[in-house]
Every structure is written in structure tokens, then in C-alpha cells.
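Please look at the model below with its sequence to hand.

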Amino acid sequence: MIYLDNSATTKTHPDVISVMTDVMNNIYGNPSSLHGLGVKAERLVEQARRVIAKKLDCHPSEILFTSGGTEANNLAIKGVADQLQSRGRHLITTSVEHPSVFEVMKQLEEKGWKVTYLPVDSWGRVSPDAVEKALTDETVLVSIMHVNNEVGTIQPIHEIGQRLAKYPKILFHVDAVQSFAKIPLKPKQAGIDLLSVSAHKFHGPKGIGALYIRKNVEITPLLVGGGQERGFRSGTHHVPGIAGMAKAVVLTEQQTNFLARCQEWKESFLDHITSKLQPVLVNGDVTGEGTAPYIISLSFPGLKSEVLVHALEEEGVFVSSKSACSSKLETPSRVLKAMGRTDQEALSSIRISMGYDTTKEEIEQCAEALIRVVPKLQQVVKVR
Amino acid sequence: MAIYLDHAATTPLDPRVREVMLPYLTDFFGNPSSIHRFGREVRQAIDRARMQVADALQADPSRIVFTSGGTEADNLAIIGVAAWYKEQGKNHVITSQIEHHAVLDACKYLEREGFQVTYLPVDSQGMIRLADLQQAITPQTSLISIMYGNNEVGTIQPIQEIGEIARSKGVLFHTDAVQAFGMEEINVEQLPVDLMTVSAHKINGPKGVGALYFSKNVHLLPRVFGGAQEKRRRPGTENVPGIVGFGKAAEIAKAERTQHREHMWHLRKRFLDELTAQGVSFVVNGHPDLTLPHICNISFPGMETETLLINFDLEGIACSSSSACTSGTLTVSHVLKAMRLPEERTRSAVRFSFGKGNTELEMEQAAEKTAKIIRRLTTS
Ligand SMILES: Cc1ncc(COP(=O)(O)O)c(C=O)c1O
Ligand SMILES: Cc1ncc(COP(=O)(O)O)c(C=O)c1O
């Protein structure tokens, strides 16, 4: 069984599971309780916060725990919009964001905010010039993802951050869910004010994520109640999840050549596929520079994504059509359409995504499986 | 070994719950939204858990939305309903002064957004008065949110009667049943309740997961936007092991409710009898009968809560001042304040809350240690 759907979710690392089971068995206190058992749990939470802060090169007080990437994105965008609405009601984002950003923007539009959805080029990149041109006196927030979840395109976050540095009142949020702990990005260096991460995308547990909020940035909380997380995020801490997330971050330190090996495997994979199969389109930057090496997006015009996914499943290879969150809908991917793909091309895309546990053999076997499956399917629907 | 008497703050994970969670941490790690087998397997597990939670509340599974906990469910219920019905010109919400902060702060949020909120007072036993509720309802009222059982003093509100009043006026009724779940017999289909909050970590389930029940006639505006999870009412990749664990915990809570409840009454009585036998002078806050048996709020007149808690901790007894969430700061609890108790009672109150693992022997030991602490503090 070859699991290549790591952008949807990853297998929790065994060491993460041991940490979590240990916490579940032994440290059951509520971190908000004052007694010894509570203090023990609280220490664990603070230790985890330091681990994540270190990874992002920021102060622990700048890290908030959330229930995942979706909540972190919602909190960042809604929280800033609400806080700064008296200053202006204009937001800038791109047309290729994850639904947890895109749908929030749509919701704010309904409530009267103006939102600019910047276009992307054929590789899925937004231009820093375009970001700067879109700024108005009303703009309070720019929200742009680091690595796209469907095609892996890396946005020029540093360049955008540099442009925005000239406008200190405009906040910059980055959805780093697909890149955190894989492609280095330090918020302070890149001029980022808010940054979202999610543990289950890097072999940590589901149901836990974090939001970096630069010191002195005020946001309106999304969840109110017990006043946990300095009032920014109420609710009893998910202690085993928090500890598990920190462990997953620590484990990523061992992954020194992840990007390099993915890049190498991806290149030979693409060489192999494109020499053996026709028609096939590689979505994203084909030169490799501008796309995360652990995500491969391909279109096989004429075929249907779902059919391909199921055919590969028969071969023991698990990939996905679009992103997991939207894969139930039979509409062409918004992201691929924004990149200029036709409906037919967009409806025939699959995503192959690698994790820390992916091996070279698995990628090779995936290529073989595609080479077996695609011509058969093409014959059925008479593509060639 | 410490004696853990803070089960209202959180409970240890039941080993049976942990067992069912483990496979979803290891082998079944897929994303439930994935269309391949890894996704389908966990999707089924979530459906099963939804049935278990629904069954424990005697609700239809389609009426259950999983959240990250009780706080989020309370927020979703109150802000979600108020925001939706605002479009129909309804801008008034009724709650009580003794709600959990997840409800109170959601109401304060609504006030900032221009809503009117009525905070009903309670009597000295922590009970709201139905006449106050009747009077508070206006044609603009969209929602009444009154908790089932209080987390600090245990008082159980007249849920049936509140719901009947709400129905007769065409107002929706939400109840925070986080503390009552697993203790009281709950049948949401029969109760005149439209929305109900529950949380897993209070019933020996995992932290980071809760649920909101809402009946078919309820509309609410989501608080979180994104993917299509939970029919868009609560998007975000599901906390699969948490949800699976919650399902099991709910199933166990339902199956063992009667005996658990009896056990809690027993421990409570034992603890109080033992305190009396030790000659400790104390008053129980709350209602003597209409109470959740596992929550026992006691004042030790003449003492100070903070000093008591430090001493309890030193003696290896984990208990608390008020709800865990607010106990980071030691101010007089808003619940005791609303009950208008004399200051010597509000200033010396300690909450003991019992749970599954507690034994009679622990009650004896805890009472003995309490007596010892009180003696020491009185003579010093
Ligand atoms: C880019 C991106 N942002 C946000 C999310 C949402 O994160 P979560 O699944 O933790 O809610 C995802 C994953 O689904 C993602 O890929
Ligand atoms: C009555 C009540 N409501 C809501 C909550 C909040 O639930 P959670 O801790 O799951 O966020 C609690 C517990 O802290 C509670 O006791």
C-alpha cells in the first residue's frame, strides 16, 4: 500500500503517538487548574509553545494553539478584519487560497468588506507588484498562502513581505499549513504578522494547529469563554494534541534532506511519466524552483480525476483529486482554473504528495502504476 | 498518590476510550474527506461516533455537529443562532448570571455587536425563577440559553419548564449540558430543547472535542468557514481520534449512567458525612437535592479560598476554587456572587468534584485531610 496523499493528511509519527498516549495516561489535568496536576499539564503546554516558537524564530507568547489550520486561518482573518474595521474594510488575497481563507473572504464580502482576489500566472504564482498595486488606503490585511495545497506553488512571500514593509499599518497573514516544518519561513524575516500552521500535515495529530501573531498585533477572538491563550482562544487545551504537535516539530529536525530528495524523485518521476504518457500536463512550475518538491500535480486531459484516483487505488496507490476538503465536489478546481487550465484539464488532475516517510521506491511504483493505468483508461474513453 | 477531586475541570481518559482511539492514531490516519479507502474508513468511524453521541442524547445523528469542545459549541450555538435570527429583526437573547464563561462571553460579544442581552438572576441556591424568564421574553427574543447543571455549584435548572415557556413564545432554547451529560437522563427529542452543548473531556473522553446538538427547526450561521466538513457548519479537518473517543465515551456514559450517578451520590454523602463526623464546620453551596451529585461546593466560614487551595494541594488533594477556566485569577466566582451569599461564604468556597475513579476510602481520607487543614489554619 503506497500512501501518497500527504497534503491531505499524514501518518502520525510513532514517537508522536507515544508522547500522546503518555500524556493521555498520565497528565490528565486541566492546564487552567491551579493544583499540581493542572500545573503539570500547563508546563507541558508551555514547553510545546516554546518548541513551536523556536521553529518560527519568535517569542513563545506569539504562538496561540487552535484546533487546526482552518481555525487558525479564520481567527487570523476574521480577527484582524473585526479589529481594524474602523480603519478600513479592504482585504487582499489570491484566487488560489485554501477554502479556509477563501470562504472567510467570501463571508466578509457579504458583510460589506471589499476583497481583492489577485490573479496568478500559469504556474500559480501571484506577483509582488500586483500585491502592491492592489493596496488602497482602506486595506487592512493581505492574506497569501505560502505553499499551495493543490499544486504546490510557492508564493514569493519574502518579496511580498518586503513590499508591505513600507506600509506598517497593513497586516500580512500567511497560510503556511502546507509548508511549515518543511520549507523554512521565519515570520520576522519575511515581514509576516500572522501565520497559520496545522499539525496533521507534518506527521503530528489531527485537531491541533497554531497561529503565530506578532507581538502588539491585536485581533478579535473567534472563541470566547474561559480566557485561555491570553483571551485570544478560549476552550480547554487539547493537551495531548499540543504535546504531540511539539513532538512532531522536534522530529522534523531530523529531516535534513527532505526537500532535496523529494526534488530528485520528483524530477525522475516527471521525466518517466512525460516520456511514457500522452497527453499529460504538469501543473505548477515545471523547472522545479517555484513548486514545493513534495507535491506533484498532473492533468490527464480526457480522463476524470476520480476515475484515475480509484484506478490507482486498485493498484494500491493512494493519491487524490484536488484537495481533500473540496474533493467531493464535481466542479473543476478553482486553483487550476485560476492558473489558466481549461475545465477539461482541471477535471482530470491528480495530486501526488509526499511525506517524511515516503520512499523512492514508492514514487517509482506510483509512476509504474500510472503508466499501467492511464493508457487503459484512455482507451476506454478513446482519448487517443 | 494525589486524590483527584476536580472532575468538573476535566476527567482522566477511560482506558476503554483510549483503546478505541489508538487505531485512529496509527493505522487509520486518513483524512475523512479523501475519496480513497484511507478516507472512507475514517469517514465511517466518524459516522459511527456521531451515532454513539446522538444515541446518548437520544437524538438523530444528523443533528450532531462535532466541535473542538464545549466552549466552541456554546459559542456556535449562541452567536450562530443570534446572528442568523438578527436578519428577522430579533436582537435579544436571554441567559443567566451563572452560566459558564463560554456562554457569558459569547453573550458579551453579542452585546458589543449591538444585541440586547438579559442576564437572569438566581436565588441563593443558584436557581433561576421562571417568572423572571417569562417577563424577560420580548417579541425580539431569538434565544434563551440556560445551563442544565452548573459547573461550580451543581444546581440543576428546571429545563423542562424553561423549554415549555420558550416553546410557547416561539423562542429557541439552548442548554449547556457539559456537566449534566453522563449524569442526568437526557432525551433531547422529548425535552423542549433546541440546542445542547456537550464536551468529551468531562465524561472521561478526550480533550479537544465536543458537540452541539441542534434540532431541525434551528438555523445558525457558522462561526468558522472553509471546507465542507460537518455540512459546513464547522469546517476543518476532523480530529478523528478525538471524535472516535468521544463516541465511545458517550456510549459508556449512557450504558453506565445509572450506576455512575448512584456512585456519585454515594461519594458525595460519604464525604459530607465524614466532614461532619470530623467536626468540620462547613456549608454546602447550591441546591440540596436538585444538584449534580458530582459537584460539591463547600464554604468553610472563617477560611480563605486561596489558603485552603494551597493547603489542599500540599496535602495531595486536587480541588478548585471555581471553574478551572477562570481559576487562573482568584476573584470571587461570578456564580457565588449571583447567589448573593454572605461574604464569609463566597470567600471560603472550595469546589470538590467527584468522578469515576474515586473511592469511598478517598472520601474518608480527603475529609480527614480537610479536617486537619482546617484545624491547622484555625490554630495558626
Ligand atoms: C493550505 C491549507 N490551509 C489550511 C488547511 C486547513 O487545515 P486543517 O485541516 O488543519 O483545518 C489546509 C488543509 O486542509 C491546507 O492545505
Ligand atoms: C458548564 C460548562 N460549559 C462549558 C465548558 C467548556 O467546555 P470545554 O472545556 O470543552 O471547552 C465547561 C468546562 O470547562 C463547563 O463546565
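The text below takes the sheet and then the helix pair in this predicted model.

**The sheet**

Chain B holds an open sheet of three strands, in the order β9-β10-β12, and the pairing is antiparallel. From one strand to the next, the twist averages 35°. The two edge positions in chain B are taken by β9 (283-285) and β12 (349-353); each has a single partner strand, so one side of each has no neighbour in the sheet. Three bridges join β9(B) to β10 of chain B (residues 295-299), in the antiparallel sense. B:N285 has B:N297 of β10(B) as its bridge partner.

**The helix pair**

In chain B, helix α2 (residues 37-57) packs with helix α7 (residues 240-255). Their axes are 8 Å apart, at an angle of about 30°. Because angles under 35 degrees count as roughly parallel, α2(B) is roughly parallel to α7(B). The two helices, α2(B) and α7(B), cross in a left-handed manner.

| Helix | Residues in the contact |
|---|---|
| α2(B) | B:V42, B:A45, B:I46, B:R48, B:A49, B:Q52, B:V53, B:D55, B:A56 |
| α7(B) | B:V240, B:I243, B:V244, B:F246, B:G247, B:K248, B:A250, B:E251, B:A253, B:K254 |

Sorted by class, the contact between α2(B) and α7(B) has 12 nonpolar, two polar and five charged residues. Among the residues of α2(B) in this contact are B:R48 and B:D55, while those of α7(B) include B:K248, B:E251 and B:K254.

Terms used: Residues are numbered from 1 along each chain as its sequence is written. Chains are lettered from A and ligands numbered from 1 in the order in which they are written. This is a predicted model: local features need pLDDT of at least 70, side-chain atom pairs count only at pLDDT 80 or more; totals for chains, interfaces and linings use all residues. Two strands pair if DSSP finds at least two bridges between them. Helices (H or I, at least four residues) and strands (E, at least two) are DSSP runs, numbered from the N terminus. Axes are lines fitted to C-alpha atoms, for helices over the stretch in contact, and angles run from 0 to 180 degrees between N-to-C directions. Angles under 35 degrees count as roughly parallel, over 145 as roughly antiparallel, 65 to 115 as roughly perpendicular and the rest as oblique. A crossing is left-handed if the near helix is turned anticlockwise from the far one by less than a right angle, and right-handed if clockwise. Two residues are in contact if their C-beta atoms, placed from the backbone, lie within 7 Å. Ala, Val, Leu, Ile, Met, Phe, Trp, Tyr, Cys and Pro count as nonpolar, Asp, Glu, Lys and Arg as charged, and the others, Gly among them, as polar.
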